[in-house]
Amino acid sequence: MSDREPILETRGLRKQFGAVVAAAELDVTFHRGETVGIIGANGAGKTTFVNLVTGYQKPDGGTIRFLGRDITGQGPRHVTKAGLCRSFQIPQVFGSMSVADNLLMAVGIAEIGWLTAGSPLEQPRRRALVEELLATYRMEPYAGHRADLLPQGVRKLLDIAMATARKPALLMLDEPTSGISAVEKYGLMDIIMAALRAQQVTIHFIEHDMEIVGRYAERVLAFAAGDVIADGPPARVLHDPRVQELVIGRHEAARGVLNHAAPPAESGS
Amino acid sequence: MRRTLLAMLVLAVALAAAAAFAPGWLAFLLAVVMAKSLVVAGLVVMWRAGLISFGQALFYGVGAYGAGMLGMRWGVTDFFLITLVGAATAGVIAWVLGFLVARYRGIFFANLNLAFSMLLFGYMVKSSTFGGTDGLRAPIPTFLGYEPGDATRVGVLLVATTAVVLPLLALLHRFLDSTAGRMTTAIRDNEIRVLYLGGSVRRTIHLLVVVAAVLAGAGGAMVALAIGHIDPDVAYWTTSGEFLFVAVLAGPAHVLAAVLGTSVFEVIRTYANEYAPQFWQLILGTSLVLSMLFLPDGLWSLAGRLRRVRKEAGHV
Amino acid sequence: MAKRLIPAALMTAAILLAAPAARAADEPLRVAIVSFLSGGGAATTGIPIRDAADMVIRAINEGKLPAPYQKPGFGGWEVEPIFSDENGGTTRVVQELRALVQRRNVKAVFGYVSSGDVMAAAPVAEELKTTLVISEGGTPQLFEERGYDYVFRPTAHGTITSVGAAHYLKDTMPNVKTYGGINQNYSWGQDSWRDFTLAMKKLLPKAQARTNHYPKLFQGQYASEITALMQEQPEVIFSSFWGGDLEAFLAQAAGRGLNDRSKLVYTIAEISLYRMADKIAEGTVMGARGPYGALARDTELNRWFVKNYVEAFEKQPSYPAYHIAQSILAYKAAADKAAAKLGRKPTVDEIRAALTGLEFESFSTFVKMSLGNGHQAATEAAFGSFHNDKVKGPTLINIKYYPADCVNPPPNMTSKQWLEAGMPGAKC
Amino acid sequence: MSMLVAILVDGLVNASWLFLVAVGLTLVCGVMRILNIAHGGLYAFGAYATATLISWWPAARLTSPVSFALMLVAAVGVGAVVGLALERGLLRFVYGRDEVVLVLITFAAFLILEDVLTLIWGATVIAAYQPYSLLGRTSVGRLTFSNYDLSLIVVAVLVTVGLWWALTRTRRGLLLRAVIHDREMAQIVGINVGRYTTITFVVGCIFGALGGALTAPMISIQPGIGVEVIVVAFAVVVIGGMGSIPGALLGSIGVGLARAAAVHLLPDLEVFVIYLVMTAVLAVRKEGLFAPAAVRRI
């Protein structure tokens with residue numbers, strides 16, 4: 001994997017919330033075309049990592065380079081425009097709009113510029129793109145539904161589909177299957193992975209379900225207490241004794257609860 | 001868009017007819033309604049993005065005082081020039097304040113706007129340049145060199161006001177269909193998603209603040225020219241409240257709702273004052289409460305209901 | 001939908017609002033009385049105006065006024081008054097004025113309290129070619145800024161209050177050394193203080209002006225201002241307060257003992273003389289805008305007015321009541337004069353012509369419409385000192401009258417010019 | 001020196017008055033997240049009711065304690081009746097609607113209250129000046145202060161201490177703070193949020209009426225006294241942080257002192273001062289001085 005060109009590198013990335021270390025001097029390098037699974041117990045720093053990299057939170061120290069450019073401390077908008085997009089554990093969609101309009105809005109904002117901001121959003125070319133996205137993510141039956149009334153799985157898909165409107169180089173998926181029943185998970189991941197791989201997007205996804213990680217990731221990062229404790233192919237990382245103890249063991253015990261309860265609030269992790 | 005344009009055309013013809021044939025007081029009332037509906041339309045656009053301003057009277061007042069100063073100090077009397085300058089002045093002030101205001105949301109946005117408008121009010125009350133509380137006389141307007149007599153002035157005023165207001169409302173309608181315009185709803189729904197799509201929330205809000213201010217400035221200038229007099233009350237909080245009231249009464253569904261809402265408001269007020277001069281506030285307040293309770297989406301939603309009723313009737 | 005809805009609504013509105021059918025020739029002359037019927041100015045000013053107007057118009061219609069006005073009607077016209085609220089700002093005032101004239105067929109409009117409203121209403125009346133008789137709003141600017149054909153003010157403008165107060169001080173406290181002021185922060189208060197200081201410079205050049213305080217209109221609480229005035233301790237405190245602000249200040253000043261240290265001079269406090277009697281210190285100087293109320297001259301007309309007013313409303317008439325009564329009487333006098341000249345019922349334009357430059361006997365004083373090309377009255381000013389009589393109750397004593405030529409600028413000068421020039425030509 | 005005393009005393013008197021008219025508003029703001037414009041109407045009702053009670057009481061037997069008791073009775077009576085009518089009869093139908101609707105419905109309620117006042121009391125001036133002079137005066141050097149003004153400071157302190165005690169030392173107060181802090185969580189743990197909302201609104205209204213009742217002896221009571229008070233009280237609430245009682249206290253003191261200083265040193269600035277303070281504070285801290293921490297969600 002190391003023969004591929006690096007896409008995202010962090011050096012000495014630090015973030016602390018009070019006494020809690022959410023990111024402890026992280027040095028990680030990701031490569032173009034990789035599909036990376038990120039695992040870790042709640043509070044291990046997974047989402048903080050995504051928040052730092054995508055500019056939602058400012059790091060206390062360290063640097064982030066994306067496609068060779070320093071993006072440390074830049075806001076979400078700039079990071080997104082640079083080609084690094086994300087989806088959310090709790091889907092972030094435009095609740096009062098239909099699914100199709102959500103996608104249209106996403107495509108429109110992706111294309112916005114000083115000159116185009118005043119031209120009509122509604123354009124046949126954009127509608128075609130929307131149709132394409134609807135087809136790719138198998139959401140045609142929901143095209144006219146209000147986004148805040150969608151089933152959780154469809155809403156997740158919509159969130160991810162919107163994140164791809166800009167054709168990102170790297171897409172970070174924050175727990176794409178959380179809140180989805182075990183039966184539906186694989187179908188959902190199949191749709192997402194097929195769509196993203198067809199676009200040759202580099203994928204990072206945070207995941208609690210080890211089977212899904214094993215099945216879709218080609219590289220796994222295990223987080224604990226804000227630090228990466230293992231990094232490598234799934235077969236090796238998932239069998240690492242420390243990972244077993246700090247990530248999987250605890251997690252598997254809690255899993256039964258997690259799958260039946262409402263998704264935990266994002267702010268805590 | 002085509003339907004809206006058609007509706008506007010019909011409205012323009014109706015107003016022109018009113019200018020020619022309606023009694024003077026009605027033509028005058030309609031001119032004021034049209035001018036004020038611009039202010040309301042600006043509020044409605046901000047409201048679509050979830051922003052409520054308790055201080056829109058600031059820009060309304062700037063437009064009005066701009067008209068007075070232009071006329072009294074520099075002898076400018078042209079209706080269109082004065083309106084343009086009023087709108088531009090309000091726009092520039094909004095652009096400057098926008099750098100601060102665009103960071104604020106919800107009640108904080110409302111509060112800061114209120115503070116700014118009350119500062120203007122306080123200044124106008126003190127300022128002898130602007131006539132203190134006695135206010136300032138606005139010039140008797142001319143229209144591109146044409147100077148109507150006393151008998152025709154109101155009619156011409158209505159035509160000129162309509163000629164400014166309807167194109168602006170059409171433009172606004174078009175803006176709401178643009179990417180930036182549609183982003184208003186997106187921002188109200190979910191700012192984070194807008195950011196993570198690469199859209200600028202702050203720049204869009206800044207734009208909205210300026211757009212609404214330009215509309216309010218133009219409206220203020222035209223009302224000042226119609227009334228012929230400006231006093232600091234134009235910047236008082238109750239003026240802002242009244243515009244906000246009309247905005248809610250109208251509903252955010254369509255730019256023409258602003259015209260409808262303002263008409264209804266002014267008619268209620270006129271008749272309340274005629275039949276119960278001491279209790280017009282009671283009547284006004286009660287009608288507003290009733291409209292908010294029973295027409296939660298504003299007067300415009302009546303149109304939708306009517307259509308539905310008619311459709312059902314047609315099927316029987 | 002929209003394209004049908006709006007015109008339909010407008011049409012309906014137009015039909016609903018359309019003016020009633022043309023009126024027969026012998027119908028009464030409809031006039032409007034506009035004053036504050038709600039809000040801050042209603043209680044002390046607006047309601048007395050409405051009451052007095054109603055009473056006087058009734059009496060004139062029925063021919064119950066004493067001589068020389070005993071003839072029923074206004075030059076043969078019966079007048080039908082309608083009442084309108086001035087509250088709500090100039091936009092509303094102008095809108096209302098147009099509706100009154102064009103929809104409700106009003107032929108003449110009386111009243112207006114706020115100077116801002118007066119300034120806004122005057123050009124509209126001019127445009128609508130409808131007689132506007134201002135009774136209360138007293139800004140001298142009205143006729144100094146431009147000329148009017150349709151606008152009249154048969155009451156003296158505000159200048160006489162400040163100039164009159166300075167004269168009264170000169171006559172009663174010629175050795176005063178320092179004076180301060182407290183005036184509401186709006187045009188009336190600002191103009192009053194300016195005029196007073198200018199008049200004082202001429203009449204009592206040795207007296208020195210201290211700070212003036214400009215609290216907000218309708219502020220209601222003056223604790224800080226009173227402390228500041230105590231701190232400065234001027235011999236005389238000049239105030240043009242009126243309405244609720246005046247009464248609140250009287251109560252607070254009495255509660256704090258401000259009266260013990262300084263002589264208070266109120267230009268238009270007559271309005272509160274009876275209600276606030278126990279808060280007013282002996283010797284406090286009080287005026288009205290003209291010789292009205294407790295300052296009124298004892299004439300038959302005045303006795304009639306006071307008696308009927310007290311019977312109807314169970315209180316003494318204050319100067320706003322006098323002002324509107326005087327304005328209506330001016331209209332009656334003009335109409336009668338025109339009718340006598342023409343030998344028939346005059347038209348509104350003929351009444352208007354007769355009103356210009358009219359001279360007539362009012363309820364307590366003689367009025368000459370000598371300023372503003374015959375559209376603005378000049379009257380005498382009157383001031384007195386407060387005395388709470390054990391038997392007669394609160395009253396004003398030591399009343400002094402200053403003739404119209406003494407306290408008004410000549411026709412060719414604005415108030416400000418005249419005062420700044422040292423009141424040339426004043427005949428006192 | 002005497003200037004300093006003057007500014008300090010005037011400032012504190014002014015601050016106490018501001019606090020008394022603003023505290024009810026901020027309380028309602030905190031629990032219901034609405035800006036209650038009808039507060040101005042309650043202020044006016046409180047003043048009118050007090051004046052009426054005082055005029056009914058035989059003047060010869062009116063003593064200071066009696067007049068304070070009458071004010072309290074008037075405030076509690078009027079505040080409870082009008083507050084309950086507003087909350088049960090009007091506001092509860094619009095809970096959950098847009099913020100702007102809530103504000104405007106209180107604005108409409110304010111307009112209605114203004115005219116209801118005129119219906120009940122007529123458009124005449126009424127007065128209740130007696131209590132103002134009953135307490136006498138205190139002289140400090142060449143300055144004389146009214147004891148009634150000074151007693152406002154005492155009342156403000158009593159209200160502050162009382163509220164502090166009620167909110168931190170009583171079970172109900174603690175539950176109320178839980179509601180202020182996180183409405184949804186309070187609901188989940190089983191607090192009857194609806195009832196707390198009603199009670200708080202009524203208490204807020206009583207404070208509004210109390211503000212008017214205490215002001216009644218100083219001013220002449222007439223239609224329109226409420227409209228000025230709203231914007232002043234609102235400014236204080238916003239400066240302090242909407243919903244924060246310590247904020248309202250600090251805001252009142254700041255504005256009161258600034259105003260007193262302006263009267264004595266720069267009389268021209270007086271009209272502005274409150275809005276200057278408000279704009280300055282908001283421009284730097286949008287939540288005001290003491291913002292109740294808001295939970296930000298992704």
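How many salt bridges does the rule find across the interface of chain B and chain C?

**Entry 1. Conventions**

I note that this is a predicted model, in which local features need pLDDT of at least 70, side-chain atom pairs count only at pLDDT 80 or more, and totals for chains, interfaces and linings use all residues. Residues are numbered from 1 along each chain as its sequence is written, chains are lettered from A and ligands numbered from 1 in the order in which they are written, and side-chain values use heavy atoms, with hydrogens and water left out.

**Entry 2. Chain B against chain C**

I looked up the salt bridges, taking each as a side-chain nitrogen of Lys or Arg within 4 Å of a carboxyl oxygen of Asp or Glu. The rule finds 3 across the interface of chain B and chain C. I record that C:E145 and B:R137 meet through their side chains in a salt bridge, at 2.9 Å from N to O.

I then looked up polar contacts, each a pair of N or O atoms within 3.5 Å; within protein, one must be able to donate a hydrogen and the other to accept it, and residues adjacent in sequence count only if both atoms are side-chain atoms. There are 10 such residue pairs between chain B and chain C, both members at pLDDT 80 or more.

Several helices of chain B each supply at least two residues to the side that touches chain C, among them α1 (2–21), α2 (24–48) and α13 (300–315); helices here are DSSP runs (H or I, at least four residues), strands likewise (E, at least two), numbered from the N terminus. I find that α2(B) gives the most to this side, with 8 residues. By class, the side has 23 nonpolar, 9 polar and 14 charged residues, where Ala, Val, Leu, Ile, Met, Phe, Trp, Tyr, Cys and Pro count as nonpolar, Asp, Glu, Lys and Arg as charged, and the others, Gly among them, as polar.

I next took contact (heavy atoms within 4.5 Å): 46 residues from chain B and 50 residues from chain C take part. The two chains bury about 4,400 Å² between them, 58% of it on carbon and sulfur atoms; buried area is the accessible area (1.4 Å probe) that two parts lose on being put together, summed over both. In chain B, the residues losing the most area to chain C are B:W25, B:D134 and B:R137, together 17% of what that side buries.

**Entry 3. The two domains of chain C**

I used the division of chain C into domain 1 (27–156 + 297–378) and domain 2 (160–295 + 380–420), with bounds from an automatic or database domain assignment. Their C-alpha centres lie 27 Å apart. I find 25 residues of domain 1 in contact with 27 residues of domain 2.

The area buried between these domains is about 2,200 Å², of which carbon and sulfur atoms give 56%. C:T44, C:R297 and C:Y319 supply 29% of the area that domain 1 buries against domain 2, more than any other three residues. I count 2 salt bridges between the domains. The side chains of C:R297 and C:E380 form a salt bridge, 2.7 Å from N to O.

**Entry 4. Disulfide**

I looked for cysteine sulfur atoms within 2.5 Å, the disulfide rule, and the count over all chains is 1. The disulfide joins C:C406 to C:C428, with S to S at 2.1 Å. The link is right-handed, with 85° about the S-S bond. C:C406 lies in helix α14 (residues 404–407) of chain C and C:C428 in the segment after α15 (415–420), so the pair ties together parts 22 residues apart in sequence.
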